[in-house]
Amino acid sequence: MSIAVAPEIDQSLASRLSEIVGPKRVLFRPSELLTYTADALPSYFKRPSLAVFPGTRDEVVAVVRELAARKLPFVPRGSGTGLSGGALADGVVLIGLNRLSRVLSVDAENCLAVVEPGVVNVALSRAVAAHGLHYAPDPSSQAACTIGGNVAENAGGPHCLKYGVTTNHIVAITALLPSGEIVKLGRPDGENEGYDLVGSFVGSEGCFGIALDITVRLSRNPEAVRTLLADFMSLDDAAHAVSSIVATGIISAALEMIDQATVRAVEASIYAAGYPTDAAAVLLIELDGAAAGIERDVATVDALCKQHSARTVRIARDEVERAKLWQGRKKAFGAMGRVSPHLVVQDAVVPRTKLPEVLAEVKRIGERNRVPVCNVFHAGDGNLHPNIPYNAANADETERVHAAMKEIMAACVKAGGTITGEHGVGIDKLPYMDMIFSPDSLATMCSLREVFDPDRRSNPGKVVPVHACREWHAAPAARAAMR
Amino acid sequence: MTAFAIDSVDTVRDRIVDAAKRGIGLRVVGSGTWLDAGRPVGSSEIVSTKDLTGITEYVPGDLTLTARAGTKLAEIREATAGHGQWLALDPPGSPNSTLGATVATGSAGPLRTYFGSPRDLTLGVEFVSGVGVVARGGGRVVKNVAGFDLTRLMTGSWGTLGVITEVTVRLHARPEADESVAIAVDAKTGVAHVRQLLRRLPFTPYACEVVNDTLAVQLGSNGTTALLRLAGNSEGIQAQRNALTELGEVRAIDPSVWTKFAAIEPDASMVFRISGLPAEIESRWREAGDIAAACPGTLVHASPSRGVVRCVVPTSDAAREALKMRFAIPAQTSRIGERLPAELWPLCSPAPTADQLSTGIKRAFDPNNVLNVGILGETA
C-alpha cells in the first residue's frame, strides 16, 4: 500500500496550524496519525499528512482559511465511526471536530437545540432529557458518533422508520465553506423559502464544507414504549410479517430483523440479549406514542406475527429487558468482532416487497462464494446490512468476500434498490454509483458540489466518481446558446 | 402565451434547448391551476407538463409511488385509496393540481402538522435542467443517501433549476380511524392555548388549524375555531378527544371539511404566510387579525405547532393599499408571499435566492436564465 503525501504540506504549515490550535493539537508523526488512517470500516487505509484538532469555532475558521490560502485539501472528521471510508484521504489535512462538543442552546418550547458539530449523538439526547425531549435519529454508533458526522452522512438508525433520518431533523446550519467564508443555511422556524440549502448540505459527506453549528429539531419523548421480540423459523415468514405490519397503518418506531448467524454471534458475546439461537430470524419491533391505544396496537402486531408463523412473541416487561433487547441489536457489529478479525458491512436498500427474494439471493451468493453472510437490518424500510466476517490476512478469503459484496450490491440494484441507505458513499460505494446514476445525473451532482467547493478541496475524491465530473458546459443547451 | 405539446422528457428537453438558443425565458407550468403564485415571471412562452401524465410504478406493499410530473393529485388519491393508502399531502388549491407542481413549489396543507411537506415525502425526482440535461436524484426506495441530494434541491425550487418530469413519493397506510373535530376557542388567546396544549400532549394530530370566524363560517362553524384531525385506533382517538376537552367542547365534524378547506381561496385573492417560531405565534395571529380588520372578508388560519399564520385577502383596491401600508412596516417575522400583486412582492421578506450559494446554484443549473426567471426573486 503506497501512501501519497502531498509535497506542499510542510513544516511551515504545521507551525502555522500550531499557532492557531496549540502545538499539542497538531499531529504529524506516523504513529500519531495511525488512528486517523481508517474509519469503522476496516477495509481502507489512507494517511493524512497532518491532523489538526481545533477547540473553538474561531480556530476551525482560522484553520480552514489557512488551508484555503495555501489551496490545500482537507477532510473533516467527527468520531471516525463512519462505515464508508468517508473521512479519510491520503496526504490531506485531517480536521478533527470532536473538541467542538458544546450544546450551545436549548429552546424547549420550540423543540430546538443549537449544537456544535462535535456533540456526540447520545449526549444531545441526554442534554435535553430534562425537558422530556430527545434527538430522534439514532445510528447504532450513537454512543460515539457526532451530530456533525450525522449531518455529513445524513445518518439513519432504527427509529428513523417512524421519525425520519437526519435531514428531517435539521432546520438550520452555519456552514464554513472550503473558501473560508461563513454562510447561514435554513431558518430555525423551518419555514424555508428558496432553495433547500440545508437539504443540499445534509448528506454531502464533508464535500460542501464544515458545519460550525447545527440547529436540530427535537422530538418529544413518547409517553409509552413497547418492545416486542418475535422469532421465526424462516426468513421468509419474518419478511412477510414485516410487510403486513407496515400495511396496517400502525407506524412502528422500529422494525428490525436479525438473522440466525447474527443472533448466534450476539448470544455468544457480552451483549447476549436472550434471542433464541435456533430461530431463522428474529424481529425486534418497537411501538411508541401515547399510552392510550398502544396495547391495542401491540395486540395487532402480536397477532400478525403469529399469523406469519412466529414461534413466540415476547414483550419486554420493563425498561431493563427493553434495553437488553436493544443492546443485542445495536452492538451486533461489535459482537461480530468475536467471530473473526475483520468485517465488511454492506448498506443497500431494496423495495420492501423484494426483501424475501433478495434475502434468498444474498444467501445463495454467500454459499457460492463460500463466505458467511450475516444479516442485521432495518427491515421496516428495506435497508439491508449484510455483513461478512473474515480474516483480511487470508488473501483468498478476502477476494471471495469482496466478490460476494459486489454480487450482493448488484442484486439489490437489480431489485430496484439503492447502494446506500444510511452509511454514505464515501470511497466504499464509489464503484457502484454508475450502477444507479447516469453520467448526466452524476455530472449534475458535481455541478452542485462546485457551487460549495469550486476547488474540490473538501473531502476530495468522495461521493461522485472523478470521471463523472466532466465539464458541465458540454451540456446540449449550453452548447446551443454558445453557437 | 404560446403553448407547446409536451408529452415526453425529450420534448421538455427540446423545448428548453430551443428557448436557450433563441435567448428567451420559459414559464414552467403544471396544470396551470395556480399561475398567479410566486413573483411575476416575464416569460412569454410556457413549458407545461400537464400532458406528461400517468403513474409509472406503484407497488402497494412498498408504500411508494412513481408518477410522471403532470399526474393529478386526484388521480394518485384514487389509485392509492383502493389499497388503504394515501399520499399524505393536501396542498391548498384544486385537486387537479399536478404532482410535479406540488413538489416544485413545496406546497403542503394541514397534514403537514404530522407528515411534513413534500421535502419529507419525496424520494426521487427526474428533471431536465436549464442546460437541457436529464438528471435524476434519489431513487424509488424509502431510504437513500446515494449521491448529493438533488431531490431536496429540486423540491421547492419553483421550476427555476429544472423542469421536474417524474417524481417518486412515499405513501402512508391509512390508519384504522381518522376523525375530524372542531373546538370553539377564544378569538384572541385561542391560538396560543392550542399551541401550548399540543406541545404538552403525548400525541401529534394529523392536522390542526385554528381558523378565524370568517373562515369558520365557510367551513360550517362559528367564531374562532380549532379544527383537528385525529388518527390511530379507536381507543387512542377517544383519549385524544378527552385530552382536547381542556380547550373546550370537542365536536365531531364531517371530514369533508378538509376538502373545503383546501378550496377556500377565491380566484381573486392575495395570499401570504407570516412565519416565525411557534412560541410567538400569538403575535402573528394578532397581526393577521389587524389585517383582517382592515380588509373585510380576509380568511386567516394558523398552524400552531409550526408557528405559521396564513392570510387570504380578497383582492380590492382598498385591500391592496391596506396591505401595502402594513407590509411597509418592518417586521420581526418573515412574510412569505404566495399570490400577490407585483407591487407587494418587494415588501415581502428579501428574495430567498439572492445569497451567493443560491445564485451559484441557479447559474450552474440554468446559466442561460431560461426557467421561471424571477419567480423566487432576482438572483444576484
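# A first look at chains A and B

Just after helix α14 of chain A, A:Gly416 takes a positive phi of about 95°. Helices here are DSSP runs of H or I with at least four residues, strands are E runs of at least two, and both are numbered from the N terminus. This is a predicted model, in which local features need pLDDT of at least 70 and side-chain atom pairs count only at pLDDT 80 or more, while totals for chains, interfaces and linings use all residues. Residues are numbered from 1 along each chain as its sequence is written, chains are lettered from A and ligands numbered from 1 in the order in which they are written, and side-chain values use heavy atoms, leaving out hydrogens and water.

The expected span is 1.5 Å times one less than the number of residues.

The buried residues of α14(A) include A:Val401, A:Ala404, A:Met405, A:Ile408 and A:Met409. Here buried means under 20% relative accessible area, exposed means over 50%, and partly exposed lies in between (1.4 Å probe, protein chains only). What do the buried residues of α14(A) pack against? Their partners in chain A are β16 (342-345), β17 (348-349), α13 (355-368), β19 (383-384), β20 (386-390) and α15 (433-436). Contact is counted when heavy atoms are within 4.5 Å.

Helix α11 of chain A, residues 319-330, has 12 residues and reaches 16 Å between its first and last C-alpha, close to the expected 16 Å. Its N-terminal cap is A:Asp318, where a side-chain oxygen lies 3.3 Å from the backbone nitrogen of A:Val320. Among the buried residues of α11(A) are A:Arg322, A:Leu325 and A:Trp326.

## Salt bridges

Over all chains, the structure holds 62 salt bridges. A salt bridge is a side-chain nitrogen of Lys or Arg within 4 Å of a carboxyl oxygen of Asp or Glu. Here are four of them, with the N to O distance of each.

| A:Asp213 | A:Arg57 | 2.9 Å |

The salt bridge of A:Asp213 and A:Arg57 comes to the reader's attention first. A:Asp213 lies in strand β10 (residues 210-217) and A:Arg57 in helix α3 (residues 57-69) of chain A, so the pair ties together parts that are 156 residues apart in sequence. A:Asp213 counts as buried at 9% relative accessibility, whereas A:Arg57 is partly exposed at 28%.

B:Glu57 is partly exposed at 34%, and B:Arg140 is partly exposed at 26%.

## Between chain B and chain A, the buried area is about 6700 Å², of which carbon and sulfur atoms give 57%. This area is what two parts lose on being put together (1.4 Å probe), summed over both. In all, 79 residues of chain B are in contact with 93 residues of chain A.

The two chains share nine salt bridges, and 27 residue pairs are in polar contact across the interface. A polar contact is a pair of N or O atoms within 3.5 Å; within protein, one must be able to donate a hydrogen and the other to accept it, and residues adjacent in sequence count only if both atoms are side-chain atoms. On the side of chain B that touches chain A, helix α13 (residues 356-365) gives the largest share, eight residues.
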